[in-house]
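Here is a short briefing on one protein model. Please have the sequence and the 3D view open as you read.

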Amino acid sequence: MNDFPAFTFSTVAHIVCELGAAGRLGEHIAQGFPTARRALLVTDPGFLKTGLVDAPAASLQRAGIQVTIYSNVVADPPEQTVLDAVTAARQHGTDIVIGLGGGSSMDVAKLIAVLAGGDQQIGAIYGIGNVKGDRLPLVQIPTTAGTGSEVTNIAIVTTGATTKMGVVAPQLYADMALLDAELTLGLPPAVTAATGIDAMVHAIEAYTSRHKKNPLSDILARKALGLLSANLIAACEDGRNLAARQAMLLGAMLAGQAFSNAPVAAVHALAYPIGGTFHVPHGLSNSLVLPHVLRFNLPAAAGLYAELAEIVVPEVSGSEEARAEALVVAMQQIATITGIQRTLQQVGIKETDLDQLADDAMLQTRLLGNNPRTVTRDDARAIYAAAL
């Protein structure tokens, strides 16, 4: 046993993975939270328009739970969105918070549960381990197979024009996560692809994280990558393929469990400034820099990348370096086959922007410290230049 470093592992206590589970949300909540009476359902305007909120909301009402829908969440939610949502929760007398949406809705739900259930100010909880006391009961229901936010202990808030802050605390783990692929049927192929690649990045970076990598996160990362790589193309080609969609949700959740315990690194560090400055969706930002960061990491991570290549490209053979390179190529091919943007120029970024991007990326010290190879500012700029 001496080969294993000491580690801790935390995750959501109760997970429901079942087609149609959202339509039985009331039953699940009545069982898990028998005293809950006033639910705040947190989502975004786009998802509200799909009509897919109706069945879970009706199911709550049938279970005797009053529902208020808060649907003002925007992508990369600013602080004010969170504060408005907390006010709504207090006015409603909320006693259970339900996040229903992508990462932004689930992140906002986490913060509502903490802030509406306590007396801390939002500014006091930024950083790691600064949430004090209890929170309201929290249930998370993802509508994209990407962020894994339903099982992570982190929420990201946009605090300025291009700056973001994270809240990381054990209280942000939900009480229950519910995975129902019927909620993801309306996702367009490009969103399915970008969010799916985001989840694959979570698995790859957790598996190669310099800190906190552990046997449990490794198992989850490998299983996640297998599910995601085997089902992403099918889910993009036929959005109604429920089996592929459910496999994607499960894969994204397992990847979320992995990176919540063995944190992500340079792909995310370089993706954040692209999203923050140019308003590129998070999954696509990751996908744009992914192959170039992988290639940069090869000297330090070839052995681990070779192991992952055997999952993504089962027929791979050759030297460790050749197998590691096959992983990079496979990730590029997934982006090509799904038709999402593959260069920074395609999302409006010019060579004159690269210095600012590199400066901003170097501020992501929490993430860069986890990368298998040290990234200097010159390295960051060179990676962006390769992605241009």
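H13 and H15 are oblique to each other, because their angle is neither under 35 degrees (roughly parallel), nor over 145 (roughly antiparallel), nor 65 to 115 (roughly perpendicular). This is a predicted model: local features need pLDDT of at least 70, side-chain atom pairs count only at pLDDT 80 or more, and totals for chains, interfaces and linings use all residues. Residues are numbered from 1 along each chain as its sequence is written, and side-chain values use heavy atoms, with hydrogens and water left out.

**The H13–H15 pair**

- Helix H13 covers residues 354–361 and helix H15 covers residues 377–387. Helices here are DSSP runs of H or I with at least four residues, strands are runs of E with at least two, and both are numbered from the N terminus.
- Two packed helices are described by the angle between their axes and the distance between the axes.
- The axes of H13 and H15 come within 9 Å and cross at roughly 130°. Axes are lines fitted to C-alpha atoms, for helices over the stretch in contact, and angles run from 0 to 180 degrees between N-to-C directions.
- H13 passes H15 in a right-handed crossing.
- On the H13 side, the contact uses Leu-354, Asp-355, Leu-357, Ala-358, Asp-359 and Ala-361. On the H15 side, the partners are Arg-377, Ala-380, Arg-381, Tyr-384 and Ala-385. Contact means heavy atoms within 4.5 Å.
- The residues of this contact divide into seven nonpolar, no polar and four charged. Ala, Val, Leu, Ile, Met, Phe, Trp, Tyr, Cys and Pro count as nonpolar, Asp, Glu, Lys and Arg as charged, and the others, Gly among them, as polar.

**The six-stranded sheet**

- Six strands form an open, parallel sheet in the order S1-S9-S6-S4-S2-S3. Two strands pair if DSSP finds at least two bridges between them.
- The edges are strand S1 (14–17) and strand S3 (66–70), each pairing on one side only.
- Neighbouring strands of this sheet are turned by 15° against each other on average, direction ignored.
- S1 and strand S9 (residues 176–179) pair in the parallel sense over four bridges. Here Val-16 stands opposite Leu-178 in S9.
- Helix H3 (residues 54–62) packs on the sheet and touches strand S2 (38–42), S3 and strand S4 (96–101). The direction of H3 makes about 155° with that of S3.
- S2 and S4 run parallel and are joined by four bridges. Val-42 stands opposite Gly-99 in S4.
- S4 and S6 also run parallel, with five bridges between them. The bridge partner of Ile-98 in S6 is Val-139.
- How many residues of S4 are buried? Six of the six are, so S4 is largely enclosed by the rest of the structure. Buried means under 20% relative accessible area, exposed over 50%, and partly exposed in between (1.4 Å probe, protein chains only).

- Three strands form an open sheet with mixed pairing, in the order S5-S8-S7.
- Strand S5 (127–128) and strand S7 (154–158) are the edges, and each pairs on one side only.
- S7 and strand S8 (residues 164–168) run antiparallel and are joined by five bridges. Ile-154 has Val-168 in S8 as its bridge partner.
- Helix H5 (residues 103–116) lies across S7 and S8, at about 100° to S7.
- H5 also lies across S2, S4 and strand S6 (138–142), running at about 170° to S4.

**Loop residues**

- Lys-212 has a positive phi of about 70° although it is not a glycine. Lys-212 lies in the loop between helix H7 (189–207) and helix H8 (215–237). Lys-212 is exposed, with a relative accessible area of 59%.
- His-279 has a positive phi near 55° and is likewise not a glycine. The loop holding His-279 runs between helix H10 (266–278) and helix H11 (282–312). His-279 is exposed, at a relative accessible area of 62%.
- Leaving aside neighbours within four places in sequence, Val-264 is in contact with His-202, Glu-205, Phe-259, Leu-367 and Asn-370.

Technical notes. Left-handed = near helix turned anticlockwise from the far one by under 90°.
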